[in-house]
Amino acid sequence: MVTQKLKHYPKNWKWGVLFISPWLIGFLAFQLYPLLASLYYSFTDFSILSKANWVGLENYIDLFTEDRYFKKSLWVTAKYTILSVPCKLVFALFIAMLLNMKLKAINVFRTVYYLPSIMGGSVAISILWKFLFMKEGIVNQMLAVVKLPAVSWLGDPDIAVVTISILVVWQFGSSMVLFLAGLKNVPQELYEAASVDGASKIRQFFTITLPMISPIIFFNLMMQSINALQEFTSSFIITNGGPNKGTYLLGLKIYEEAFKNLKMGYACATSWVLFLVVLTITLLLFRSSNTWVYYEDGGKNV
């Protein structure tokens, strides 16, 4: 059956397969196999140092019934996502609107604002952030100059999660670039017509700008939510999950279970729970997009 179908393709189809073989090998070896292996190990007690034994749903049951840090980690991850993603998108849109204006040396400003995103997610930036917000860091020194009391940025559980969220908001460059591209594609005739009808700038923003760039908002919202739910570096480098597990994100919990506690099977189960959380949120975003995302061709997300 397969041979008959291949007869309808050009004779040089083998060259095409040969050219994409590096991607196929990489996909099979570094994506598909680890994915399936982690699913299998999530049902075992695999600990790297010993042979994996099948335990069924025991890892998943322990997660929800006996692991007191799992629910804490899940709540911290949700709080981190709710804090960082909306603030990042709002700030990125605000800067994009400023950079969409006709100003001198505008390209220089666009480059400067994008620089933090180039360095985003690196260990060096996380270490720098830790030194900035430590008890005797530069931020508290600046507060002392204006006679304000020092803030325990990394010592208070409620403030610490805000501190690592600010790092993500600061790295708004990629979202800003997408917003800027969307703003430039909004037809100026719509603004001119609205001005003739007497609509204010605020009214134009909510009735023209936001609907026209809603696909960009949807894409940024979805991608930034996925990235936030999988965050690891800032929690590990800046606070190491503390204080009092106040920044103990799920990404950090998976890392500690696998490489600190040597419970690889348990870590795989946790990672699959995280995968299901990401999948659920993604599907909900796609479902809700039909009510607020506007497409010029009238199309809808599936």
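The side chains of D158 and K79 meet in a salt bridge, with 3.8 Å from N to O. A salt bridge here is a side-chain nitrogen of Lys or Arg within 4 Å of a carboxyl oxygen of Asp or Glu. This pair links distant parts of the chain: D158 lies in helix α8 (residues 157-170), K79 in helix α4, and 79 residues separate them. Helices (H or I, at least four residues) and strands (E, at least two) are DSSP runs, numbered from the N terminus. D158 is exposed, at a relative accessible area of 52%. The cut-offs are under 20% relative accessible area for buried, over 50% for exposed, and partly exposed in between (1.4 Å probe, protein chains only).

The model is predicted: local features need pLDDT of at least 70, side-chain atom pairs count only at pLDDT 80 or more, and totals for chains, interfaces and linings use all residues. Residues are numbered from 1 along each chain as its sequence is written, and side-chain values use heavy atoms, leaving out hydrogens and water.

How many salt bridges does the rule give? The count comes to three. Turn next to D67. Its side chain meets that of K253 in a salt bridge, 2.7 Å from N to O. Again the partners come from distant parts of the chain, 186 residues apart. D67 sits in the loop between α3 (58-65) and α4 (68-99), while K253 belongs to helix α14 (residues 250-260). Both D67 and K253 are buried.

K253 also forms a salt bridge with E257, where the closest N and O atoms are 2.9 Å apart. This pair stays inside helix α14: the two residues are four apart, so about one helical turn separates them. E257 is buried, as is K253. Together, D67, K253 and E257 are linked in a network of salt bridges.

Now the cysteines. A disulfide is a covalent bond between the sulfur atoms of two cysteines. The test applied here is a pair of cysteine sulfur atoms within 2.5 Å. A search of the whole structure finds zero disulfides. C87 is partly exposed, at 43% relative accessibility. C268 is buried, at 8%.

The surface carries a nonpolar patch. W13, W15, V17, L18, F19, I20, W23 and L24 form it, with about 870 Å² of accessible area together. Patches take residues with over 30% relative accessible area and no salt bridge; like charges are joined within 9 Å, nonpolar side chains (Val, Leu, Ile, Met, Phe, Trp, Tyr) within 5 Å. Accessible areas come from the Shrake-Rupley method with a 1.4 Å probe; for residues, only the protein chains shown count as cover. I20 is found in helix α2 (residues 13-41). I20 is partly exposed, with a relative accessible area of 43%.
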